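Hi,

Here is the structure we talked about. Please have a look, then read my notes below.

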Amino acid sequence: MIEAGMHWDYVATAYAMSLGLILAVIVWVAFDARRQRLKLAALEARGIRRRSARAETQAGPETGTP
Amino acid sequence: MTSETKSPGFFSRLAHPGQFLVWSRYLVWPLAGLTVILFAIGLYLALVASPADYQMGETVRIMYMHVPNAWLSMMCYGVMAVAAFGTLVWRHPLADVAAKSAAPLGAIFTAIALLTGIVWGIPTWGTGWVWDGRLTSMLLHFLIYLGIIAMWFTFEDQHRAGRIIAVFTLIGVVNLVVIHYSVEWWSTLHQPASVFTAEGPKMPLELLTPLFVNLFAFSFLFATLQVVSMRTEIMRRRVAAMQRQAAMNRGAAPSPEPAR
Amino acid sequence: MSGFVALIRRDLTLAARVGGDVLTVVLFFALIGIVLPFAIGPDRPLLTRLAPAIIMTAILLALLLAIDRLFRADHEDGTLAAMRFGHLPLEAVVFAKMIAQWLTTALPLLLATPLMGFMLNLPPALLGRTLIVLLLGTPALISFGAIGAAVTVTLRRGGLLAPILVLPLCLPTLIFAVGALDDTAPGSADAAFWFLAGIALLATAFTPFIAAYTLRLGSE
């Protein structure tokens, strides 16, 4: 990194953009995961169960699972 | 799903959303740790340890971001296509979840590949964007990703969305191939390949090693993010189902939050 | 077979009764041809060079503008659901609707193309070839559009989504159609022409099945 060759600015821009976008995705995925986990915990704390909760299947829409 | 609960084979038990939530929990942190280690090595190799290319100079380092992302952009679409197949043939609920989770990740990888390509192009080609075959088909790839994401957001019933998007994803596979070749054909018609066919000489090992380490780093990043978003998606659907259940318990019908 | 023809006739009658739609599409097409020369400037040689590209783009946009109504009305009033269980297979229904759509949107555009070519200074020698290329290209565009319409028909707010989904799929057709009109390179123009023909045939052959499958999935 010491040797200041040509175009280090371009390299830095490229890396900054990539890492910035990657970090944004990571933050967003983590935030989304946390939010859903909290929502789920809150609902479970209220004692709401899915109809299929006992069988541990994924709950489909009202119409039932096709 | 009922047929699966009747005769649960090993894989269908593993792929059951509820079971998936259980066992994938132990996957997240190891995957994340591996990703961090690989990125540490990869970035060190890419920025410090690897030599500059004798032709492209220091800008060759952009390759270590550009190529893995371009590769993962394809990889994500591959995952979505396989998941689409799973949705249509086996009607597997986890396939929907996998397809939905991979779409935004693929879009981001494609965006990074495009952006780093532009930044790379300015010093080496003298221009950030040319309507070259590769670039154009990558841009269309990005647009198809955005279309699929838009569909996931527009459908209210996520089960129906899963099937219809699966059809579109598979059409997209065929089309991406056609688009790739037609665009290649079209660009050679208008501008004779000069810079772009010169993909560089055979890559020396000291450039190849950091490239592959970064490739693995990004692949593990994708795996980590994919597992976490799949878990989130399953929880999101549970939350939606439970909110509906809660609304039904109350007897009233305030419109539940759509699952998305 | 008679049911098939009756279906086409029904769609044509409906389109004729609400004639505004046909007129809107042709007007949209013509307006692109009027607006672009203003934007480009009155440079006649330049217009001549751009004319095939402008005509193709205008056709593509005009067809996509109209594509959302292919299944929409029939889905909303339940006709499509009834057709699923009629004696005519849904694939044939889709194909009939595609033909009707072609007759009510693409054909008027084809008829308007000579006028458009005149305004854009298209060389008269190229007009015949343009029309043949359009004759091949429009079924392909209608096919891709039909897939987009089938995918989005169950969405109440899907009207804008279909063109966005379909536009990338239409790109090869556009490339080869414009390529086939490139009179500076006759050899590659011929190659592009046959590619276009191939795409058109494959798209028209497979679309009824894909679209019908999607419609069934959507109404499950």
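The accessible surface of chain A comes to about 4300 Å², and carbon and sulfur atoms hold 64% of that. Keep in mind that this is a predicted model. Chain A has 66 residues, of which 33% count as buried. Its secondary structure is one helix and zero strands.

Next, confidence in chain B. The average pLDDT is 82, and 85% of the residues score at least 70.

Now to chain C and its helix α2, residues 20–40.

Which residues of α2(C) are buried? They are C:V25, C:F29, C:I32, C:G33 and C:P37. Seen down the helix axis, the buried residues of α2(C) fall within an arc of 120 degrees, so they line one face. The background is simple: an α-helix has 3.6 residues a turn, so residues three or four places apart point the same way.

The cover over the buried residues of α2(C) includes α3 (44–67) and α6 (90–119) of chain C. On the face turned away from the buried side sit the exposed residues C:L23, C:F38 and C:A39. Just after α2(C) comes C:G41, with a positive phi of about 105 degrees.

Best wishes

Technical notes. Residues numbered from 1 in each chain as written. Chains lettered and ligands numbered in written order. Predicted model: local features only at pLDDT ≥ 70, side-chain atom pairs only at ≥ 80, totals over all residues. Heavy atoms only, no water. Helix = DSSP H or I, 4+ residues; strand = E, 2+ residues; numbered from the N terminus. Buried < 20%, exposed > 50% of the residue type's maximum accessible area, 1.4 Å probe, protein only. Areas by Shrake-Rupley, 256 points an atom, 1.4 Å probe, with all protein chains shown as cover. pLDDT = per-residue confidence, 0-100. Arc of directions from axis to C-beta. Contact = heavy atoms within 4.5 Å.
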